[in-house]
Amino acid sequence: MGRHRPDYHQPRRVYRPQLGMHPIEEYQQLTRRHFLTSAAGGIGGTALASMLGSDLTSPMAPKLSQFAPKAKNCIFFFMAGAPSQLDLFDPKPKLNELDGKKMDGSLLEGKRFAFIKKESAVLMGSNRKFAQHGQSGMWFSDLVPNLATCADDLCMVRSLHTDQFNHHPGQLLMQTGEANFGRPAIGSWLTYGLGSETQNLPGYVVLTAGRGSSGGATLWQSGFLPSVYEGVRFRNSGDPVLNLTNPAGLPDKLQRRGLDALNELNAMRHAKMHDPEIASRIASYELAFRMQSAAPELADLSGESEATKEAYGLNRKDPKGGGRGSGGGETYETFGRNCLLARRMVERGVRFVNIVHASWDHHSNLDHELEFNAGMSDQPVAALIKDLKQRGLLDETLVVWGSEFGRTPLGENRPGRKANTGRDHHPNAFTMFMAGGGVKGGLTYGETDEIGWDPIVDPVHANDFHATLLAMFGLDHERLTHRHGGLEHRLTSVTRKSKIIDDWMA
Amino acid sequence: MNFPKTPSLLRLAAILVVVLPVRAEVDFGRDVLPIFSAKCASCHGGVKKTSGFTFTNYRTLFAPAKSGAIPIVPGKPENSEVIARIGHADPDERMPPEGAALKPEEIETLKEWIASGAEWQEHWAFLPRNPGIRPRNKNTIWPVNGIDHYVLANLETARIEPSPEADRYTLIRRVALDLTGLPPGLIEVDAFVADKSPNAYEKIVDHYLASPHFGERWARHWLDQARYADSDGYEKDNARGDAWVWRQWVIDSLNHDQPFDQFTIEQIAGDLIPDATPGQHLATAFHRQTLFNREGGVDPEEDRTKRVIDRATTTATTWLGLTMQCAQCHDHPYDPITQKEFYQFYSFFNNADESTVGVPKFRVSDLAPKEDTLEKAKVVARAEAELWVKNISASLAYNAAHPSMTEVPKVLKAESASGAKLELQKDGSLLVTGAIPDKDVYTLRLSVSQADVSAIKLEVLPDKGLPKNGPGRAKNGNFVLEQILIEGSQLNSATADFHQQKLDPGGALKESEKTGWAISPEMGKAHQATFGLETPIAKPGEITVKLVQNYGGDHVIGRFRLSVISGEQRPVPSELHKLRPDQFDELEQHYFARINQTTAALVNELAEAKKRNRVNARVIRQRDKSPRPTYIFHRGDFLQPQKDLGVVQSAPPVLAHRFEKENATRLDLARWLVAEENPLTARVVSNVIWSHLFGEGLAPTLDDFGSRAPRPIHSRLLDWLANEFIRLGWSRKQLIKTIIMSRSYRQASAHRPDLISFDANNRLLHRQNRPRVEAEIVRDLHLSVSGLLSKKVGGESVFPPIPADVAAQSYASSFKWKTSSGSDRYRRGMYTFFKRTAPDPNLLTFDCPDSNLTVISRSSSNTPLMALATLQNEVFHEAAQTFTKNLLENPALQTDMERLTQAFRACLARFPEEDELVTLIGLLKDNREYYRDDKESALKLAPSKYSDPVEAAAWVATVRIITNLDEFIVRN
């Protein structure tokens, strides 16, 4: 060897971490590499067996959080379209008084609306009856009587605000942290950061009921993260996960026989090529095989008691008259089943369950439409919270219920409409609630002004919510990053200082 | 040369020192700048300039900071505040304040650099390319081209032998997959293996380069960068029925090996190329792949601004490898790009409006048969054509030599039947005012002073007082002259400079309703028609002219002038009046198109075919009226333009190759991008091309050539390659061939256990890599080996079967997926209709990008969902069934061994080894045994009619395992 550099100077460059790789993954890959190196000489039956058993090859393998977590799993109800907080959770007697009156013009300055014409807009009171519930005296409208019985387990945040007033951008912001495409959803970040407790089921599952949302599949995309972190849709009919069932005429026995041959052939190839990706491929096929039995077992509700099914509302048909939130007359039943499936998923270690229901976009006919949707959601969501609690799962399962923005105190006066029967998009102030996962029950956080126009106490930006959610999982939103296009990306916007709200935590 | 016996970290450390093109001292770009970028720039960068200095502007480092201390004093590390602070014992004083302290070796590096004078260099990628001198190799036999000299030099320094050349089965499959994305046919494989000629390999490379599938394969790579999709993106996510036309353009461009510089210029600024062809306009659709939001409440300007930002940043990433998007809100945190400079770049695209262009749906050559017939008919009519042209030319010459005299006669009386007023204007024209009648007749008495009047000319003129400026009084400015009469004379010919379809001036010679002269859609302009007299009016005197306009619907003339023409002119078709007698080509063209009945029919047919097969494609077109000024948006918010700070168009000044043109246009920008002096474009693009042939780039950060990208180990090779790209006239095929012909490319791809601990990631290119093929190619491979694949190139997107509930995920479940029938069910993966909010899950599962942002390198994951897809999904299962059918029906295959070998080779090209065959035969036997006892299942697994369903099912269950082999979806 000729020229020399001091020894200390170089090793860092030799093992330059693969850019953008998760530090824990990097470590795992190194260990894996060592394992394979030692086995590389003659990979026979034993080495193959260890490959099959090795979950280390999976990027979904459980990982340690950055600091002590409060929550382990999350069930996130995304009510796309924006439910009216003024008719569900945030009572405004003053707004009722001012019904039909114009509002203080200064509040409208510089504000943009999707449909409202500012000049002629008037305030619209709520037809709902509100009452306080639980020891905490939390307010609920008469549309959510079951939820009201969970008052002391809920953390109700009434002072959320966001930057977007159109659906798809707003939904992207709430689900991915920014109103841009190509970014990973919350569930992708969580599984990227923590992996999943189960390898036999996807770590990030999406359940849907009713019609498709504005954002469609872009709401559970993994963006610049590998597709393994993408939300996997659990389907309401047919295979719960796509391609789960063997082709007709192929019994499990032959599937197993085929996979044994496949593993053997791939192992032979591995012995020649020494490429760790082949070992990963073998492990993936084994996981697939396990998923083939785990997913149907999960979807099979025959072991659930009739009382449980009834509590979740699986016996309910959509009320007559439907509503835009309905999709084929079985939305109530599907949504109830989704809630029950969500519990079964977190029981089995699924990290993140996203339940998406669209059609809360009530520009008109709000009373009727909201009644339909709230009726769909109220009983099963309350049942889920109680069921989780009773099974001791609520402590480690964060339940979130929310949307991309809220609805205006102004009635919607879109040209051509005779009467104001609905509300427009309102990014300035809206409400979401959480339960379990270490949040403080019975807490009503933040306050809006007397007509619900702006938050006046403890405003919470959507990104603050994101930062706090990650913190509950023991992840620092500024340190859970992924390098893409030369920049460190994270769930929260890099241009905005997001705050973690300690007050929410028990 | 020997392999190192005991590879160790320490040894590798030592080796890389020599491998890297180092001088004895610290290398700024490699050693120093990455430390500043990684550890310091988050506070002292483009966003935060804490204490008033920033590592993105080195001048601030050598001057006193706010504290008074000087961050860096060249030659004096002991006086440099940076050194004092990074090594400070007090954690409150130590820099960086958060995260780990700098490692001792990093501190040492910085000290050394300051001690040696703290020479600040530009970031390597911003400097001109410098391939250095070609490295000398000890082994002079191995290298076949420049690439190999560089690769081998590194390997030799590291005392590593390159891997042996891959066997021929692997080679041909590798080349076929890389160039066409399809597996090689077994005939081609066997011919190549048997070919003893010295250029056997080059022959197959040329063969696949010439394949029409080459364009498909490489177009798909480009579509990733262009964020191509078949729908709008947001919410309703409307289908873009014309998107594929541009995809077709990209395929054609690659197949014709259009030089990359032209490819660039046409896509960035095709609309600004003088006399741009429709194809050049179409090229600009690169930037029409942006998302579009049609939600009811969207602010269109906000959405437009978003698209313009996307165009600017996509251009920067794709051509320059720069991440400019962060500079839309603030100065770039790491790279020396200010927010103002971002908007200078943005402004090139700010007046690039969205428009459409009519383009042929298929390549012009597809019209060749019709053109052929026409050409043949022209040959037949040639003699007749020549005679006709000679006559007309003579008439034109005569007319030119005998100019006519024109007079605007005095108007003695002008009356309207409806009672409208005809007011004489200074120019001798008459303006019609008053209530607009449904119909009208104007009668004019004129005094003519000229003798021998042979014709009368009617000019219709625009006027501001008329609807749409006239010249008619109908709402759209049109009129219909139903008849023109001169009392006592007969008119017998009529010509006009323009006439509406089916309403030509000849119709005004006779009295019949609904015929006459009209001018739609050419309203708002002056027009004229000339009517010839059967017999000239010999003497001067008074004449009476009647303009009958009984068409109805206000179609009456609003302003007009009559003149008389004297002197005999020979008849020439009105369209040809303006031609010179020597414009023979134009005359001949007229003959074939209008006079000769046979050819006229063919010309017409061809024109119709072209018109019928046209589609309006979305393109970019420069806004010429009221251009938008560009302002810096405060914090990137389009509602906060900083109007006091004007912005001129310019490219980022970070590069050694400055953009210095005043009043520059998008076309100038495009040319600057591909100027030879531009240090980035050729590097970025050849790096991407390399990555498609090696699975990784020579510079590993394909999408980031900014300051945080360390100088790659292979920077000299990258510079050589980039220069070679330009030297080859930006020919992509030539560059690809150069890489593929290299020995470096031809190496075997087996990982080498002896090198795992020291070059596991193959940074030194001691072997080929084994990338998994992309999502589309997974589909193509399965369909191809089964015999199902339709090899049609290009055309509209198709709808292969997907699960019903996928489309239902679209907004309000509004999207209907109409499954294609026939061979369109089996097209290549790249033609599957891509609905952004509800894409085909088979594509996404295998890491196909979501097409919302530019993607330069795809990720490649390895998940159970992929295994489930290729094992169970109907597309792949159907392929296995058809594959089986073809195996069992092939009369050349008789035994299990022959069939298994055939199936194995169809997938992998190589022959199976003995133990592989043993495993497969064991599986086949067990499958047979099972189905012998379960015929019902056998009929389900292999539902086609077979004489022996047990046999068929046993084979399907075996074949599907072969098509699930790792090796099948890996390019080895």
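**View 1. The β2–β3 hairpin of chain A in the predicted model.** Strands β2(A) and β3(A) form a hairpin, with four residues between them. In the turn, A:Gly134 has a positive phi of about 70°. The strands cover residues 130–133 (β2) and 138–141 (β3) of chain A. Their pairing is antiparallel and runs over four bridges. One pair to look for is A:Ala131 with A:Phe140, its bridge partner in β3(A). In a regular strand, side chains alternate between the two faces of the sheet.

**View 2. Helix α12 of chain A and its kink.** Helix α12(A) spans residues 366–390, 25 residues in total. From first C-alpha to last, α12(A) reaches 35 Å, close to the 36 Å expected at 1.5 Å a residue. The helix has a kink of about 25°, centred on A:Ala374. An α-helix has 3.6 residues a turn, so residues three or four places apart point the same way.

**View 3. Just after helix α12 of chain A.** Here A:Gly392 takes a positive phi of about 75°.

**View 4. The contact between chains A and B.** Chain A gives 80 residues to the contact, and chain B gives 94. On the chain A side, the elements that give two or more residues are α1 (11–14), α2 (23–39), α6 (167–176), α8 (252–273) and α9 (276–299). The largest share of this side comes from α8(A), with twelve residues. By class, the side of chain A that touches chain B has 33 nonpolar, 31 polar and 16 charged residues.

Notes. Residues are numbered from 1 along each chain as its sequence is written. Chains are lettered from A and ligands numbered from 1 in the order in which they are written. The expected span of a helix is 1.5 Å times one less than its number of residues. The bend at a residue is the angle between axes fitted to the seven residues ending there and the seven starting there. Two residues are in contact if their C-beta atoms, placed from the backbone, lie within 7 Å. Ala, Val, Leu, Ile, Met, Phe, Trp, Tyr, Cys and Pro count as nonpolar, Asp, Glu, Lys and Arg as charged, and the others, Gly among them, as polar. Two strands pair if DSSP finds at least two bridges between them.
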